Amino acid sequence: MSRIVAAMATTDITAEEFQKTLEDNDILLVDFWADWCGPCKQFAPIYEQVSEEHPDVTFAKVDTEAEQELAAAASITSIPTLMAFREKVLVFSQPGALNAEQLNEVITAVKGLDMEEIHRQIAEDQAEGQQQG
């Protein structure tokens with residue numbers, strides 16, 4: 001008898017879905033990848049496995065071949081690249097495949113961020129930029 005498998009913990013997103021996904025999730029991880037990329041294929045099962053351990057985090061994937069404009073807008077120059085957003089703020093961006101331990105460390109660090117401090121710093125930087133402009 002076949003069993004219905006639960007939906008995968010990672011979600012493929014397009015340029016059209018990116019902004020809404022970012023706005024709808026407190027913590028969003030995005031894996032920029034391509035089918036021809038060996039390290040991407042090595043990272044994919046790790047990303048999937050770790051996603052199942054963190055149901056409070058949204059794990060998205062962007063196919064850089066299908067979503068070239070989004071990859072360009074995100075300044076992706078090397079894949080795989082992992083980006084982490086918290087409260088719509090990019091807080092981590094790094095090219096290269098991670099192992100499960102490294103990925104879990106990134107997630108723990110993102111969860112531990114003092115977002116009040118980060119938002120305050122962003123506001124200060126923006127105010128400073130306006131004064132200089």
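**Charged side chains and their surroundings**

Modeller: Asp12 is exposed, with a relative accessible area of 54% (buried means under 20%, exposed over 50% and partly exposed in between, for a 1.4 Å probe and protein chains only). The areas come from the Shrake-Rupley method with a 1.4 Å probe, and for residues only the protein chains shown count as cover. This is a predicted model, in which local features need pLDDT of at least 70 and side-chain atom pairs count only at pLDDT 80 or more, while totals for chains, interfaces and linings use all residues. Residues are numbered from 1 along each chain as its sequence is written, and side-chain values use heavy atoms, with hydrogens and water left out.

Asp12 sits in strand β1, residues 10-12 (helices, H or I of at least four residues, and strands, E of at least two, are DSSP runs numbered from the N terminus). Together with Glu16, Glu17 and Glu69, Asp12 makes up a surface patch of negative charge. Members of a patch have over 30% relative accessible area and no salt bridge, with like charges joined within 9 Å and nonpolar side chains (Val, Leu, Ile, Met, Phe, Trp, Tyr) within 5 Å. Lys and Arg count as positive, Asp and Glu as negative, and His and the chain ends are not counted; each charge is placed at NZ of Lys, CZ of Arg, CG of Asp or CD of Glu.

Next come the paired charges. Side chains of opposite charge can pair when their charged atoms come close. The whole structure holds 6 salt bridges, each being a side-chain nitrogen of Lys or Arg within 4 Å of a carboxyl oxygen of Asp or Glu.

One of them joins Asp26 to Arg86, with 3.8 Å between the closest N and O atoms. This pair ties together distant parts of the chain, since Asp26 is in the loop between α1 and β2 while Arg86 is in strand β4, 60 residues apart. Asp26 is partly exposed at 42% relative accessibility, whereas Arg86 is buried at 11%.

Lys61 and Asp31 form another salt bridge, in which the closest N and O atoms are 3.0 Å apart. Here too distant parts of the chain are linked: Lys61 belongs to strand β3 and Asp31 to strand β2, with a separation of 30 residues. Lys61 and Asp31 are both buried.

A further salt bridge brings Glu117 and Arg120 together at 2.6 Å, N to O. Both residues are in helix α5 (residues 115-132), 3 residues or about one turn of the helix apart. Glu117 is partly exposed at 35%, and Arg120 is partly exposed at 39%.

Most residues other than glycine have a negative phi, and most peptide bonds are trans. Lys88, which is not a glycine, has a positive phi near 70°. Lys88 falls in the loop between β4 and β5 (89-95) and is partly exposed, with a relative accessible area of 49%. Ser75 is a further non-glycine residue with a positive phi, of about 60°; Ser75 is in the loop between α3 and β4 and is exposed at 56%. The loop between α3 (68-73) and β4 (81-86) also contains Pro80, and the peptide bond from Ile79 to Pro80 is cis, with omega near 0°.

In soluble globular proteins, nonpolar side chains tend to be buried together. The largest nonpolar core has 19 residues, of which Phe18, Val30, Phe32, Ile76, Ile79 and Phe85 touch the most other members (a core is a set of buried Ala, Val, Leu, Ile, Met, Phe, Trp, Tyr and Cys residues joined through side-chain atoms within 4.5 Å). Two or more residues each come to this core from α1 (15-24), β2 (27-33), β3 (58-63), α3 and β4. Strand β2 gives the largest share, 4 residues.

Of its 133 residues, 36% count as buried. The C-alpha atoms fill a box of roughly 65 × 30 × 25 Å along the principal axes.
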